[in-house]
Amino acid sequence: MIRKATVADIKQIHQILQIFSAKGTLLPRSLMALYDHVRDFCVYAEGDEVIGCCGLQICWEDMAEIRSLAVKPEHQHKKIGSHLLEFSMEEALKFKIKKLFTLTYAPKFFELHDFAVIDKNELPQKIWADCINCVKFPDCDEIAMLRRI
């Protein structure tokens, strides 16, 4: 079942994100940052267990970022990530968002959902405010992708 995240989900979301940040395939997020952005997240849960998560952060009047999309390794290849992304895209439409972008190490997944690779310079300056706190700043090696909805 996919639903909006609650404060009670944050520690499990953090654990899932840590799996992938340890592999270098997802940027780490602190517990504090996750609590700050709990309203941005949806989760795929089975009972009390969070299996996957996805963040939708509104960045601009017509643009939002898909971030921290992750599914526990033992539950991958079941389309859970796709369902989380679709849920987030539906939420973006409710806010009249016209463009979704992501910074990713998994471009093939996002290409399956009609995202296209773009130059990072096409993204508004405001988006880069979070980058200053990133461990990879200023040498970002993530791939920028965009989808118009």
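Val7 sits in the loop that runs between strand 1 (2-4) and helix 1 (10-23), where helices are DSSP runs of H or I with at least four residues and strands are DSSP runs of E with at least two, numbered from the N terminus. With a relative accessibility of 52%, Val7 counts as exposed, since buried means under 20% relative accessible area, exposed over 50%, and partly exposed in between (1.4 Å probe, protein chains only). Together with Leu31 and Tyr35, Val7 makes a nonpolar surface patch of about 240 Å². Such patches are made of residues with over 30% relative accessible area and no salt bridge, like charges being joined within 9 Å and nonpolar side chains (Val, Leu, Ile, Met, Phe, Trp, Tyr) within 5 Å. A salt bridge here is a side-chain nitrogen of Lys or Arg within 4 Å of a carboxyl oxygen of Asp or Glu, and the accessible areas come from the Shrake-Rupley method with a 1.4 Å probe, with only the protein chains shown counting as cover for residues.

The model is predicted, so that local features need pLDDT of at least 70 and side-chain atom pairs count only at pLDDT 80 or more, while totals for chains, interfaces and linings use all residues. Residues are numbered from 1 along each chain as its sequence is written, and side-chain values use heavy atoms, with hydrogens and water left out.

The protein holds 4 helices and 7 strands, and along the sequence these follow the pattern β-α-α-β-β-β-α-β-α-β-β. Of its 149 residues, 46% count as buried.

On one side of the pairing, strand 3 (residues 49-60) runs antiparallel to strand 4 and is joined to strand 4 by 7 bridges, where two strands pair if DSSP finds at least two bridges between them. Ile58 has Ala64 of strand 4 as its bridge partner, and a hairpin of 2 residues connects strand 3 to strand 4. Strand 4 also pairs with strand 5 (residues 99-104), in the parallel sense and over 3 bridges, and Met63 has Lys99 of strand 5 as its bridge partner. Between strand 4 and strand 5 the chain passes through helix 3 (residues 80-94), in a β-α-β crossover that is right-handed, a term used if, with the strands pointing away from the viewer, the path from the first strand over the helix to the second runs clockwise.

Within strand 4 lies Ser68, which has a positive phi of about 55 degrees although it is not a glycine. Ser68 is buried, because its relative accessible area is 5%. The C-alpha atom of Ser68 is separated by 8.4 Å from that of Arg29, although the two residues are 39 apart along the chain. Arg29 belongs to the loop between helix 1 and helix 2 (31-36) and, at 22% relative accessibility, counts as partly exposed.

In the largest nonpolar core, which has 19 residues, Ile66, Leu84, Leu85, Leu100, Phe110 and Phe115 touch the most other members; a nonpolar core is a set of buried Ala, Val, Leu, Ile, Met, Phe, Trp, Tyr and Cys residues joined through side-chain atoms within 4.5 Å. Two or more residues of this core come from each of strand 2 (41-46), strand 3, strand 4 and helix 3, and helix 3 gives the largest share, 5 residues.
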